Amino acid sequence: MGPLIPNGFLSYEWNIIIAVLIGLAFGFILEASGFSSSRKLAGVFYGYDFAVLKVFFTAALVSVIGLYYMDYLGWINMSMLYVHPTYLWGGIIGGAIMGIGFVAGGFCPGTSICAVAIGKLDAWVYVIGIMIGILIFSEAFGIFENIYNGSYLGNITLVDSFELPASWIIFGVTVIALIAFFVSDIIRKRVKKIFY
């Protein structure tokens, strides 16, 4: 977990305990922020609530800036971090399916589990749908295997793709986030306010 265990501040046995504590804190923050509400989550698609966009853009920027500062201080080695491999068409199709599910159900997988934990029935329907989708995909994997494993691009990052220093990528994403925040506020002011 971060630089604590590899640098010997904590023993390896703390790994799972810290993971559980982070998971509980994350679930609590999602619920406290109202992210167990399907109406709040779907609001980003309908223009009346952009909290999801702002929170996740902010989380991504804080994380990446924090990681690079930790690398600079020698607490972590960025070259040792795992980068998930990119399968282009599998990612595009999977992203489209998740996006449709997000708009239709009002949840992403994480927020649906958070909503299930507080007893929301629409979240139960969504989670059962996820389980059915996983079952169908795993049983029919032979049909989807070529798409799933096709268009393999390796363990690439934006730094690799654009051949720019990480600082410029971070700066660019920060500018995009600020523009998105500004535009989303303009849209939100023009759309009827929703109370939930």
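**Close-up 1. The largest pocket of the predicted model.** About 790 Å³ of space lies in this pocket, and among the 20 residues that line the pocket, Gly94, Ile97, Met98, Gly133 and Phe137 are the closest to its centre. Helix H4 (88–105), H6 and H7 each contribute at least two residues to the lining, with H4 giving the largest share, seven residues. By class, the lining comprises 13 nonpolar and seven polar residues, and no charged ones.

**Close-up 2. The second largest pocket.** The space in this pocket comes to about 510 Å³, and of its 21 lining residues the closest to the centre are Val64, Tyr68, Met78, Thr157 and Leu158. Two or more lining residues come from each of helix H3 (51–72), helix H8 (158–162) and helix H9 (166–190), and the largest share, six residues, belongs to H3. The lining is made up of 16 nonpolar, four polar and one charged residues.

**Close-up 3. The packing of helices H6 and H7.** Helix H6 (residues 121–139) packs against helix H7 (residues 141–149) at an angle of about 85°, with the axes 6 Å apart, and the two helices are therefore roughly perpendicular to each other. Phe137, Ser138 and Glu139 of H6 meet Phe141, Phe144 and Tyr148 of H7, a contact whose residues divide into four nonpolar, one polar and one charged.

Close-up 4. Just after H5, glycine 119 adopts a positive phi of about 85°.

Key: Residues are numbered from 1 along each chain as its sequence is written. This is a predicted model: local features need pLDDT of at least 70, side-chain atom pairs count only at pLDDT 80 or more; totals for chains, interfaces and linings use all residues. Side-chain values use heavy atoms; hydrogens and water are left out. Axes are lines fitted to C-alpha atoms, for helices over the stretch in contact, and angles run from 0 to 180 degrees between N-to-C directions. Helices (H or I, at least four residues) and strands (E, at least two) are DSSP runs, numbered from the N terminus. Angles under 35 degrees count as roughly parallel, over 145 as roughly antiparallel, 65 to 115 as roughly perpendicular and the rest as oblique. Contact means heavy atoms within 4.5 Å. Ala, Val, Leu, Ile, Met, Phe, Trp, Tyr, Cys and Pro count as nonpolar, Asp, Glu, Lys and Arg as charged, and the others, Gly among them, as polar. On a 1 Å grid over the protein atoms alone, a cavity is a set of points where a 1.4 Å probe fits but cannot get out, and a pocket is an open set with protein on both sides within 12 Å along at least five of seven lines; lining residues have an atom within 4 Å of a point. Grid points are joined across faces, edges and corners, and a volume is the space filled by probe spheres set on the points.
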